[in-house]
Number of protein chains: 2
Amino acid sequence: MAKALVYIQSGGPTALINTSLYGVIKEAKKHKDQISGIYGSLNGIEGLIDDRIIDLNKEKDDTIELLLQTPGAALGTTRYKLPKDIRDPLYQKIISTVQKHNIGYIFINGGNDSMDTCQKLSILCKKQNLDVKVIGIPKTIDNDLAVTDHCIGFPSAAKSVINLVKQICTDARCYKKGKIFIIEIMGRNAGWLTASVDLLPKNARPDYIHLPENYFDLDEFLKDVKETYQKKGHCIVAISEGIQFERDTSTARVDAFNHVQLGGASDALAKIVETRLNLPTRSIELSLIQRADSILASKVDHDEAIECSKLAFESALKGETAKMVCIIRKSDNPYKVEYKLMDIAEIANVEKTIPFEMIGGKTEMTEEFRNYLKPLIQGNINIKYKDGIIEVATLEKHLI
Amino acid sequence: MAKALVYIQSGGPTALINTSLYGVIKEAKKHKDQISGIYGSLNGIEGLIDDRIIDLNKEKDDTIELLLQTPGAALGTTRYKLPKDIRDPLYQKIISTVQKHNIGYIFINGGNDSMDTCQKLSILCKKQNLDVKVIGIPKTIDNDLAVTDHCIGFPSAAKSVINLVKQICTDARCYKKGKIFIIEIMGRNAGWLTASVDLLPKNARPDYIHLPENYFDLDEFLKDVKETYQKKGHCIVAISEGIQFERDTSTARVDAFNHVQLGGASDALAKIVETRLNLPTRSIELSLIQRADSILASKVDHDEAIECSKLAFESALKGETAKMVCIIRKSDNPYKVEYKLMDIAEIANVEKTIPFEMIGGKTEMTEEFRNYLKPLIQGNINIKYKDGIIEVATLEKHLI
C-alpha cells in the first residue's frame, strides 16, 4: 500500500531552502501512484510532535512555482532538539502522527543539528519496526556539513555576500578620509561564507579577512587597521561572526543545541577600535540579508537543489534510510559533480571548517579555495517582480 | 570660445549617483563642438580647491557604460563645507583652477548640503565676474530636497529597502517563537525611505513603522512590541535612523555641516528592549547596502537621472546658472513628470520631510503616500555580471 511523504524544514533558513522543498513536491507529483500524500510538517519536527501536518497537494501551482524565489522556511522551521532517550514520551507523539497519516517517508532538510534529528528519527523507526524511511537533504549557508562537497544554500549565500560586499566596498572607498568598516558575515565556527569575498578583485574587496579557523590577535588587528587607515584613508575588514576575542557575551542567548546565538562581533570590535584608536569606525552586519537574498541566488545552487531533492525522493522510495544526499565533486574546471547517499551517522553533529590548505592568511585565501568556490556562484535565476517588488510564496497550509 | 565642463559628485553616494554623471558625459559628447573639455573633479569641491581635475574623455567607453551599475561616487566625494566669507583664500584656489582649465560649466550633483556649495560657487562666479555657469543635479536617498517632487537615487534606494525588508520579514517570521527585529533605515531627519516599506503587503512587512516626523514614545513602543511578540511570536519594527529617544550619543561624531553622524539607533533600541522586556531582540541596520544596491535600481529612477542630466547640460550651455534641475510631477496614474530649472536659493540648506497628510500613524502611511511612491520603483535595469559577480566601473582618472 502506498504511503505518504512528509517534508521537514529545520534550522536557519537559506535563500534556497524552499527550492529543495519544490524539488521534492515536483518529483512526488510525477509519481502520484506510488505516494498516498505529499505533506509538510509545520515548524520542523514540532509539526510531527503536535500533529500539525499540511497537505501540499492542495497548494496552488503558482504558489509552488514561487517557492523558487521565496526566502525563509515556507513551512516554518525550528531549532528544537530531540531528547536522547528514545523512551521519552515525545517520541510516542511522533509515532502517533506518523501512523495516523500513514507516513512512510520523512525528508529532513537541514544542517548538522537537523541531521541529528534525522539520525534519531531513523533509529526510532528502526527500533519500533516502523516501515518509515528517513532521508536528509543538506541545507546551510554555513557550509559546515561533513562528507558533502558543499551544502545547498551556501553557494547562493556566498554569491549574495560577494556582491553585497563588492557594492559596500565601492561605496565605502569614495571619501578621501573615510572610515574603518568592519563587516560581519555569518557561518558560526566555519569561515566559508566570510572567505567567499576572496573572489573579489583587489580594488573592490576588504583589506583583511578574519576567519574563525585562524587565531585572532586583537593587538595585531588594531595595528593592521590603523596602518591601513593611515595609508589609504579607509580600511575594510570582513570578519566571521565566530571569531574569538575578549568581549562581553554575558547577555548572549543559547539555543537548544547549546550553541551561543552569534551576531554582534562587528559591533563589539568596532567599539574596541573606536576606543583604542579613536578613528571613525562603522560596523556592518550583513545579518539576515545574506541568507534571505533570493535575488542573487546562484543558478548552480538552484540546479543542484533540484537534483538533490530528486535523488532523495527516488532513494526513499527504493527503501533507503538513515542517509543524507551528498554532492561529490569530480572536477573544478569543467565543474562536474555526482550525487550520492551517505550514512547520516558520519554527518550528524559533525562540523566541517575550512581546511588549512585553502587559507592564505589574514588578507587572502589560496588558489585552491578560489577553484572550489568559483564554479558554485555561476548563473542567475529569473526573479518575478510585481510593481517592482519581489513576489514570494505564502502557503495556504491546509491541515490534514 | 568653447569652455570646458567640470562635474562634481558631493555628499553621500547613491546607487544612481554615477548614472547622473553618465548622463552629462553622454550629452556632452554629443555636443563636442560647444565644449572644450569634459572634466571631473576628484572628491567633490576638494578637487577644484586642490586642482585635482581629470579628463573624462580619456576613459574607455566600456567603463563609461559600467557607470550605470556602479554604486559609490566614481569621482570620489566629500562632505567639505565651503567657508561663508567669500574673501577666504580658499575661493582664490577654486578660481585659479577654474581659470587654469578654462572651465565654463560646473555641475554639482548632491543633496541639500551640496546645493549650499552650488549656491556659494554661483555667487562667487557672479561677484568675480567669471563667465561660469553653475547647475545643481539632485541626488540623495533621503529624498529631503525642497521644490523637486523627489530626488534622483531615492526611488532606487526605496526599491532596495522594500525588497530587502520583504525578504527579511519572510525569513524572520518562520520560527514559532522568533525574535523582535528592529530594522534601521537611513534618511536623516526625513522618514521617506523608512516609510517606503508601506508598499509591502500585510504579511510581509514590519508590524510598526517609526518615522522622525512622528513623536517617538518609548514606553508606548515597548508596550507595542511586547504585545505583538506575545500574540504572534515575533515582532518586526522599521525605524528611521533619525528617530529621537534618550540614548547615549556621547561618542557620536559630527560632520562639517554640523550634522551628527547617525546610525546605531536600532542597536541602542534593541538593547533597551532586551533589558526592559527580556525578550530576544535583534537589530538589523541596512547600512550602506540600501544606498549601494545597483542590482535593485529602479528603471524610472534611471530614466529620470538621464533626463535631468540632459536638461542640466542644455541649460548650462544656454547660460542658465544658480539653478537646480527639479522633477515636477504632473500626475500619479499614469505617472507623468516634467523637468524644470528652479532657483538654487530656494533649495540649498532646506530640508523637506514627509507632509502630515501622507502619514497614517505608527503602522502605516496613507493612500496619498502610496500613490506618490508606487510609480517611482517600477522596472529593473539590466545588470552585467562576470562569473556571478556584478561588474563596476573603475575610472582611470587621467589628471589634466
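1. Let's start where the two chains come together. About 5300 Å² is buried between chain A and chain B, and carbon and sulfur atoms give 53% of that area. Please keep in mind as you read that this is a predicted model. In terms of residues, 67 of chain A are in contact with 67 of chain B.

2. Charged pairs also span this interface: the count between chain A and chain B is ten salt bridges.

3. Over all chains, the count of salt bridges comes to 60. One within chain A joins the side chains of E396(A) and K60(A), at 2.6 Å from N to O. Where do these two residues lie in chain A? E396(A) is in the segment after strand 13 (389-390), while K60(A) is in the loop between strand 3 (53-55) and helix 3 (61-66), so the pair ties together parts that are 336 residues apart in sequence.

4. Next, a helix pair in chain A. Helix 4 (residues 89-100) and helix 5 (residues 112-127) of chain A pack with their axes 11 Å apart, at an angle of about 75°. An angle of 65 to 115 degrees counts as roughly perpendicular, and helix 4 and helix 5 of chain A are therefore roughly perpendicular to each other.

5. Which residues make the contact between helix 4 and helix 5 of chain A? From helix 4 come Y91(A), I94(A) and I95(A), and they meet K120(A), L121(A) and L124(A) of helix 5. By class, this contact of helix 4 with helix 5 of chain A has five nonpolar residues, one charged residue and no polar ones.

6. A second pair in chain A is helix 8 (residues 218-232) with helix 9 (residues 265-277): their axes come within 11 Å and cross at roughly 70°. Helix 8 and helix 9 of chain A are therefore roughly perpendicular to each other too. The crossing of helix 8 and helix 9 of chain A is right-handed.

7. L218(A), D219(A), F221(A), L222(A), V225(A) and K226(A) in helix 8 meet L269(A), I272(A), V273(A), R276(A) and L277(A) in helix 9 of chain A. Sorted by class, the contact of helix 8 with helix 9 of chain A has eight nonpolar and three charged residues, with no polar ones.

Terms used: Residues are numbered from 1 along each chain as its sequence is written. Chains are lettered from A and ligands numbered from 1 in the order in which they are written. This is a predicted model: local features need pLDDT of at least 70, side-chain atom pairs count only at pLDDT 80 or more; totals for chains, interfaces and linings use all residues. Side-chain values use heavy atoms; hydrogens and water are left out. Axes are lines fitted to C-alpha atoms, for helices over the stretch in contact, and angles run from 0 to 180 degrees between N-to-C directions. Helices (H or I, at least four residues) and strands (E, at least two) are DSSP runs, numbered from the N terminus. Angles under 35 degrees count as roughly parallel, over 145 as roughly antiparallel, 65 to 115 as roughly perpendicular and the rest as oblique. Contact means heavy atoms within 4.5 Å. Ala, Val, Leu, Ile, Met, Phe, Trp, Tyr, Cys and Pro count as nonpolar, Asp, Glu, Lys and Arg as charged, and the others, Gly among them, as polar. A crossing is left-handed if the near helix is turned anticlockwise from the far one by less than a right angle, and right-handed if clockwise. Buried area is the accessible area (1.4 Å probe) that two parts lose on being put together, summed over both. A salt bridge is a side-chain nitrogen of Lys or Arg within 4 Å of a carboxyl oxygen of Asp or Glu.
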